[in-house]
Each structure stands twice: as structure tokens, then as C-alpha cells.
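Hi,

Here is the structure I said I would pass on. Have a look at it first, and then read my notes below.

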Amino acid sequence: TTPSPRPAQPAPRRPNVGVKIGKITVGGGAPIVVQSMTNTDTEDPASTAKQIAELARAGSELVRITVNTPAAAAAVPRIRDKLAMMGVDVPIIGDFHYNGHQLLEAEPACAEALAKYRINPGNVGFGKKKDTQFASIIEMALRYEKPVRIGANWGSLDQSMVAMLMDENHQRAEPWDASHVAREALIRSALDSAKRAEDIGLPRDRIILSCKVSGVQELIAVYRDIAARCDYALHLGLTEAGMGSKGIAASSAALAVLLQEGIGDTIRISLTPEPGASRTGEVIVAQELLQTMGLRAFTPLVTACPGCGRTTSEFFQVLARTVQDHVREQMPLWRVKYDGVENLTLAVMGCVVNGPGESKHANIGISLPGNGEAPSAPVFIDGQKAMTLRGDNIASEFIGILDNYVAS
Ligand code: SF4
């Protein structure tokens, strides 16, 4: 018998409890949310508000800021007010370590201004203080009606949990390896903290979990495991992914496997930016990951061939870059004016081998002439050859065709 074809789509999303963070919903079947984090000094409201605005305008639907000192906590309401004056409406998440209980209690305006609190169960306190300090943050979340993310991290594991699991491991007939023990510590730390938060009174629809590690295979293993053990919404991210292409490849590899399996409700791509570079690169990578997997649509998708010995001039690469930049720059405007334009597909191809064929699959495609081909570039619109461009203005004419198509 002929095997039935496998569907070309991800597995159904893992059912879980949705969480409202300001105007955004994470989980519960809502679209997967893109988020990012600032790297400015939160004590400086002007530069932090400016970077939040850049991230939000690039498409970050939630933005996290570190809240690490009394001055940073005092700055949070001022940051929120500056954003309102700039017309930027994005939920701000406070990232707390060690002293979150003190900062939230000392600065009620900060507790109120934030849309969510992130708690790291490995850094919330030690020994006997841990329970009371954790409870204090949850009580603030209850008082101000905020959700929390309980975010465990490989780099700051709860050491008492690790010690307990190592003791348990010694009793096993077949002990786990160290990586397995650490993964279990991460998961149990998140799940136990979530249970404790619920016992204090925080409802399930205000709890998100994450268990971040820096290794691709470990991240996949951890999230498969925790996804099977609870129905909390999950925040996905490969922590300390690294710089440039390494960070993008590692994050995409890990997150794509999990997203394909229906796991993950909000994602952050944690890239180390080049010195002086914009922070918005991680937002674009997150959007492109979700869009190329068919999970969301943010901007017209540009298909371009890699080029080869048939395209020795750089013109084809320049045109592909021009089209890509144009759709990114125009998207906020287009999206407001033309609902659904983000589902548009564009093709920029280098020669006749795959050019016309790929162009026909797109809403608008152009096939440039390769070496030795006639100096003409057929343009296809909705699968039909519509015109042929020639001469020095092919790029601007093609952009004009694209703009007209969107407008019509
Ligand atoms: Fe090379 Fe043409 Fe294929 Fe592009 S479409 S990679 S130029 S053969």
C-alpha cells in the first residue's frame, strides 16, 4: 500500500492555560508571542524607554527589563509614562533576582506599572528565607493582579533542589547522569514553585513557566519533559545562545524542534548583539522563525535563490536585499492600511533555471537574467506573467509594482 503523505504542518499546539499580560495573551491557543529584553540601565528611564520603543516597533509584543536596584524600581513608572507619551503600548515585564521582594514592596508604583513579574526560583533567596521571599513576591502579584513567570535557569539552579536530587540519585539502581539530574532539578524547581504559588492563591491563569538551558539537545529534552508534566503556558528560549550566526542557528534549531511538536507559547531569541548594534535583531529572528515555520505571519515573505555561477553580477543580491528592506520598512504602515498583507509572498530569483517556476508560486515574483540570458526580467503576478522589466531601473520599477499590488 502507498503510505499516506505526512501533513506539511506542525503538530497541534499543546493545550494549556492561557495567561493575560496586559493586552497580550500567552498560551490557551493564542498565537505564539514574540518577546525580547532590553540591555540598557533601567535606572536611566530615557534610554530604557527608547530601547523598549525600538523593540516594540520592530515587533516585540512583550518587553522585559531588569529591575535590580531601588533606583531601577523607581524608574519603572517613569519608563511606562515616557512610553505612553511616545504612543508605545507594550506590556513591560520586570526581571527580578535576589531582591525582588524588597523592591516590589518598597516601590508600589513599580509593582503596579509592570505587566508581569519574572521570578527565578534559583535566585529568590536561600535557606529559610527562600519561602518567605518567594511568598512575598506572589503576594505582590496577587495584590496588583499581575501574572508571573517562574523562570528556572541552568546557570542559577536551585542548589538545595540539586542536593536533594543527588541524594535521591544515589538510591537508584541505575543512577541518572549529571545532565539528567540537572534537567530534573530545573523542571522540579519550576513545578514546585508553581505549586507553591498556587497554594498561596495565585490562579493557574497567571502562571507561565520556563526552564532555560544553553545546549540545544538539553533544551529540547527539558521542554519535552516539562510540557508532558503540566498544563502551564511555556516561555521558550535558549539561554546564552551566543553571537551572530551561532546564536541564530542554535536558537532556531532548538526552538524549531519544540515548536514543531506544538510546545511553546512565547519565544525569546537571546542573542548577544555586536558592540553598538541594535537590539532589534533578536526580534526579527524570532519573527522569521515563526513565519518560516508557518506559525505566524508578520511581514511579506521574500523567497530568494542563493545565486550561483549563473549570476556573477551582484545585481540580483542587491535587488533581493532592496525588496527585503522595503517590506520591513513599510510593514508597520502596510499592516495598518492593508489587513492581511503580511501573508503576501515575493520571489526574487537569479536566472531562468528556477526563476519563472518559483515566481509563479509567489504573489509577485521576478526572474532576473543570468549570464548569457537575454537582458530582461519577467515579472509574475499571481502565477501569470504580467510584464517584462529591462534597463537600469528594474529595482525601483519592481518596488513600484509591489506597492501597487498591495494598494490594489
Ligand atoms: Fe543559480 Fe538560477 Fe538556481 Fe538562482 S535560480 S541558484 S541563479 S540556477
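This is a predicted model: local features need pLDDT of at least 70, side-chain atom pairs count only at pLDDT 80 or more; totals for chains, interfaces and linings use all residues.

A quick term before anything else: I call a residue buried when its relative accessible area is under 20%, exposed when over 50%, and partly exposed in between, using a 1.4 Å probe and protein chains only.

Numbering runs from 1 along each chain as its sequence is written, and side-chain values use heavy atoms, with hydrogens and water left out.

Now the overall picture. The C-alpha atoms fill a box of roughly 80 × 60 × 35 Å along the principal axes. Taking a contact as heavy atoms within 4.5 Å, residues 24 or more positions apart account for 66% of the contacts with a separation of 6 or more. You will find 13 helices and 17 strands; these are DSSP runs numbered from the N terminus, with at least four residues of H or I for a helix and at least two of E for a strand.

The barrel comes next. Eight strands close into it in the order 3-4-5-6-7-8-9-11, with parallel pairing (two strands pair if DSSP finds at least two bridges between them). Strand 9 (residues 233-236) pairs with strand 11 (residues 266-267) in the parallel sense over two bridges, and Leu236 sits opposite Ile267 of strand 11. Helix 5 (residues 129-143) packs on the sheet and touches strand 6 (116-119) and strand 7 (148-153), its direction making about 165° with that of strand 6. Helix 7 (residues 178-200) packs there too, touching strand 7 and strand 8 (207-212), and makes about 165° with the direction of strand 8. For these angles, axes are lines fitted to C-alpha atoms, for helices over the stretch in contact, and values run from 0 to 180 degrees between N-to-C directions.

Why is strand 8 largely enclosed by the rest of the structure? Because six of its six residues are buried. Side chains in a regular strand alternate between the two faces of the sheet. In strand 8, Ile207, Leu209 and Cys211 are buried on one side, and Ile208, Ser210 and Lys212 are buried on the other. Strand 7 runs parallel to strand 8, and six bridges join them; Ala152 stands opposite Cys211. Strand 8 also pairs in the parallel sense with strand 9, over two bridges, where Ile208 faces Ala233.

There is an open sheet as well, with five strands in the order 13-14-15-16-17 and mixed pairing. Strand 13 (301-304) and strand 17 (384-389) are the edges, each pairing on one side only. From one strand to the next, the twist averages 20°. Strand 15 (residues 364-367) and strand 16 (residues 377-381) are antiparallel over three bridges, and Ile364 has Ile381 as its bridge partner.

Finally, which residues are around the ligand? They are Cys305, Gly307, Cys308, Arg310, Thr311, Gly350, Cys351, Val353 and Asn354, each with a heavy atom within 4 Å of it.

Best wishes
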